Amino acid sequence: GDIDQVVAHAQYFLNHRSGFYAVNAGGMLLALAAMWRGDVHLWRQAKLHIFEAPCRNEEDRDILSLSLACVDSTVRDFSNYPEWFVRGQFSNLPADAHPAAWVFYIKYLLFYAQDRAVHQFRSPEVSGVGMIQFVPLIAEPMIASVSMEHKIIPEISLRLLAATAYHQCGNEAMATAHVDAAIALALPDGLLGILAEYRRNLDYLLDDRLIQADPEAYKRYKELHRGLLDNWTKLHNSLLSKSVSRELTIREREIARLAAFGLS
């Protein structure tokens, strides 16, 4: 939650302009800070920096297009992902970029499945929340891979995304197992901002498990979430000209989502 430090690191990368990866990373960090601050100007500045990163080859151009789409996805605009990414192809990315790409890919799949559930998408095999049930089947091997490689932050994110899918399909045992594993990874380094980003997705489940694990961390996590929610909503509504409300309680949001999925 220390966004000032994030901005300082981003400016360091951007000021030194030591190559494509430094500029791209600086832009991504600025976009993250903009989300936490609700700063539309900083958001646009971040995207401009990424766009101006000095590409040397086709691989760099693929990374640049994916980076811009990932920035858009954090305000729930998933329309700009490259076709190769939507198909789940990562071979054109450097190997060390795969864990981060997987996180955004599972986010994309979960949003796609939720969107189809809300619109009551029908096929011979899948209806309602049925498509959401497939998301953990794709995420679980990714979780195993990043766990073996000790990629802590991608593992936390992937576990919380898998937990969201399990939770929304009613599999509370698997959702709880992944939430507990994510909390255990986050607490030693105080990575509460990542947990705060997923709070609304998991209704009361993440709250209940974190307060049992560390009551003081739970208080800080709630503070971070309140600020993030206010500023994310401001940024989202400004960029997409929408009016997303943050007035519903957690339980009201849960009920509204279940109703939108067509459940009684």
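A search of the whole structure, which is a predicted model, finds 13 aromatic pairs. Rings of Phe, Tyr and Trp (its six-membered ring) are paired here if their centres lie within 6.5 Å, and planes under 30 degrees apart count as stacked, over 60 as edge-to-face and the rest as tilted. Tyr12 and Phe13 make an edge-to-face pair, with 6.0 Å centre to centre and 65° between the planes. Tyr12 is partly exposed because its relative accessibility is 48%, and Phe13 is likewise partly exposed at 30% (buried means under 20% relative accessible area, exposed over 50%, partly exposed in between, with a 1.4 Å probe and protein chains only).

Phe78 and Phe111, in turn, are stacked, at 4.2 Å centre to centre and 20° between the planes. This pair links distant parts of the chain, 33 residues apart, with Phe111 in helix α6 (residues 98-118); helices (H or I, at least four residues) are DSSP runs, numbered from the N terminus. Phe78 counts as buried because its relative accessibility is 13%, whereas Phe111, at 21%, is partly exposed. Both belong to a cluster linked by ring pairs, together with Tyr81, Trp84, Phe85, Phe90, Tyr105, Tyr108 and Tyr112.

A charge also meets a ring: the charged end of Lys107 sits over the ring of Phe104, 5.2 Å from its centre (NZ of Lys or CZ of Arg must be within 6 Å of the ring centre and within 35 degrees of the ring normal).

Residues are numbered from 1 along each chain as its sequence is written. Local features need pLDDT of at least 70, side-chain atom pairs count only at pLDDT 80 or more, totals for chains, interfaces and linings use all residues, and side-chain values use heavy atoms, leaving out hydrogens and water.

Technical notes. Helices (H or I, at least four residues) and strands (E, at least two) are DSSP runs, numbered from the N terminus.
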